[in-house]
Amino acid sequence: MRAEETPESAAAADVVVCMVATPEQLRAATLGEAGVLRQMPAGSVLVVMSTVGPRAVREVAAAAQPAVSVLDVPVTGGVARALTGELSLFAAGDPTTIDDVRPVLDALGAIIDCGPEIGQGQAYKAVNQLLCSVHIVAAAEALALAEELGLDPERVLPAVAGGAGGSWMLSDRGPRMLQGLDAEVTSTIGIFVKDSTLVKDIADEIGFDAPMISAAQARYQAAKDAGWDRKDDSQVIQTYRR
């Protein structure tokens with residue numbers, strides 16, 4: 001693998017995978033004079049794996065037509081599942097095109113069929129990120145409450161993680177919450193500021209009242225404002241500590 005300043009290698013690629021953080025980065029990477037779409041040959045496929053919302057991926061798909069096909073395939077699973085090739089891929093787009101690039105997608109994880117419409121993968125991912133955002137903050141709030149009650153959070157965590165109140169996020173993020181600000185970074189506060197805000201904006205666009213994501217977004221923003229935006233997302237717990 002090698003890095004290049006401009007996407008010249010895309011000119012010889014049948015499939016290009018784009019995985020960036022924000023809608024603005026997606027537009028910069030794909031559109032305009034320096035965008036990858038200018039380099040990609042006719043008949044090739046651009047796989048957008050970024051979490052950017054339906055509007056941005058539809059904009060790119062419209063700009064790519066008819067020469068380049070676009071698939072909407074945001075992913076979930078974090079660093080751990082990326083390393084093992086076990087990501088979940090929320091795949092939307094033309095079924096024939098998905099079949100054509102299936103060997104590439106299969107190497108990254110398990111395909112979840114989200115339908116033929118570009119933007120539906122992003123919609124699935126928005127639902128997923130609402131849950132992730134809220135569950136991390138809920139886990140942080142619970143462990144911070146344990147500390148305020150004078151309990152040993154190292155004992156509370158395994159006691160509740162396996163019960164009815166447990167969650168994947170509690171089990172995964174909980175240990176790093178207790179490690180403090182020096183915990184290994186697998187996903188940053190900044191990413192969840194972006195994702196929780198994106199989900200909130202999507203909900204607002206359709207007039208859907210989503211108080212849980214609003215509360216979670218406020219916690220991530222508070223953590224960012226405190227200077228922790230590059231710390232592990234588990235450190236949202238710091239916003240509860242007095």
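Predicted model: local features only at pLDDT ≥ 70, side-chain atom pairs only at ≥ 80, totals over all residues.
Contact here means that heavy atoms lie within 4.5 Å, and helices (H or I, at least four residues) and strands (E, at least two) are DSSP runs numbered from the N terminus. Residues are numbered from 1 along each chain as its sequence is written, and side-chain values use heavy atoms, with hydrogens and water left out.

**Helix 6 and helix 9**

- Helix 6 (residues 120-148) packs against helix 9 (residues 189-205) at an angle of about 125 degrees, with the axes 9 Å apart, where axes are lines fitted to C-alpha atoms over the stretch in contact and angles run from 0 to 180 degrees between N-to-C directions.
- That angle makes helix 6 oblique to helix 9, since angles under 35 degrees count as roughly parallel, over 145 as roughly antiparallel, 65 to 115 as roughly perpendicular and the rest as oblique.
- The residues of this contact divide into seven nonpolar, three polar and one charged, with Ala, Val, Leu, Ile, Met, Phe, Trp, Tyr, Cys and Pro counted as nonpolar, Asp, Glu, Lys and Arg as charged, and the others, Gly among them, as polar.

**Helix 6 and helix 8**

- The axes of helix 6 and helix 8 come within 9 Å and cross at roughly 50 degrees, and the two helices are therefore oblique to each other.
- Among the residues of helix 6 that meet helix 8 are Ile-136, Ala-139 and Leu-143, and their partners in helix 8 include Met-169, Arg-173 and Met-177.
- By class, this contact has nine nonpolar, two polar and two charged residues.

**Nonpolar cores**

- A nonpolar core is a set of buried Ala, Val, Leu, Ile, Met, Phe, Trp, Tyr and Cys residues joined through side-chain atoms within 4.5 Å, and buried means under 20% relative accessible area, found with a 1.4 Å probe and protein chains only, against over 50% for exposed and partly exposed in between.
- Of the 22 residues in the largest nonpolar core, Ile-136, Leu-143, Met-177, Tyr-220 and Val-236 touch the most other members.
- Helix 6 gives the most to this core, with eight residues.
- A second, separate core of 19 residues includes Cys-18, Leu-26, Val-36 and Ala-56.
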